[in-house]
Amino acid sequence: MLIVIARISATAEAIDALTPAIAAMEAASREEPGCHEYTFCRELNEPNTIKIVEQWESADALKAHFAMPHMATFQAEMGKHDLGGVEVRAFEASEVPFPPA
C-alpha cells in the first residue's frame, strides 16, 4: 500500500479558480483501479494550502494514475495559476489495528 501526501501552496484566488478542476480530479481518481482514497482539502490553519491525501494499492496503480488523461488536464489547469510550491511525499504502509495494542 502506498500513501501519498501532497501540499500545494497558492493564493486564495488560485485555489478558488482551481476548485472545479480539483473536484473533477478527485472524482476521476477515486474511480481508478487500485485507488482506495483520493482527497483534496484546504488546511484550516493555512488556508492558502491545499493538501492531497492518496492511498494506492500498489506502485503500479500510482504509476498508471500519472498516465491518466484527467491527470494531464489537472496539471494543465494548475499551470495556469501562480502556485507557491508543490511538495509531494510517498510512503509504503501496511494497515495496523487502531488503537495500537
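Buried here means under 20% relative accessible area. On that cut-off Cys35 makes the list, because its relative accessibility is 13%. The model is a predicted one, and the other cysteine discussed here, Cys41, comes out partly exposed, at a relative accessible area of 35%. Cys35 is in none, with the nearest cysteine sulfur, that of Cys41, sitting 15 Å away. A disulfide would need the two sulfur atoms within 2.5 Å, so at 15 Å from the sulfur of Cys35, that of Cys41 is simply too far off for a bond.

On to the rings. Three aromatic pairs turn up in the structure. Take Tyr38 and Trp56: their ring centres are 6.2 Å apart and their planes meet at 80°, so this pair is edge-to-face. It links distant parts of the chain, since Tyr38 belongs to strand β2 (residues 35-42) and Trp56 to strand β3 (residues 49-56), 18 residues apart. Both Tyr38 and Trp56 are buried.

Phe40 and Phe74 also pair edge-to-face, with 5.6 Å from centre to centre and 65° between the planes. Here strand β2 supplies Phe40 and helix α3 (residues 69-78) supplies Phe74, so the contact ties together parts 34 residues apart in sequence. Phe40 counts as buried because its relative accessibility is 10%, and Phe74 does too, at 6%.

Put together, Tyr38, Phe40, Trp56 and Phe74 make up one aromatic cluster.

Terms used: Residues numbered from 1 in each chain as written. Predicted model: local features only at pLDDT ≥ 70, side-chain atom pairs only at ≥ 80, totals over all residues. Heavy atoms only, no water. Phe/Tyr/Trp six-rings, centres within 6.5 Å; stacked < 30°, edge-to-face > 60°. Helix = DSSP H or I, 4+ residues; strand = E, 2+ residues; numbered from the N terminus. Buried < 20%, exposed > 50% of the residue type's maximum accessible area, 1.4 Å probe, protein only.
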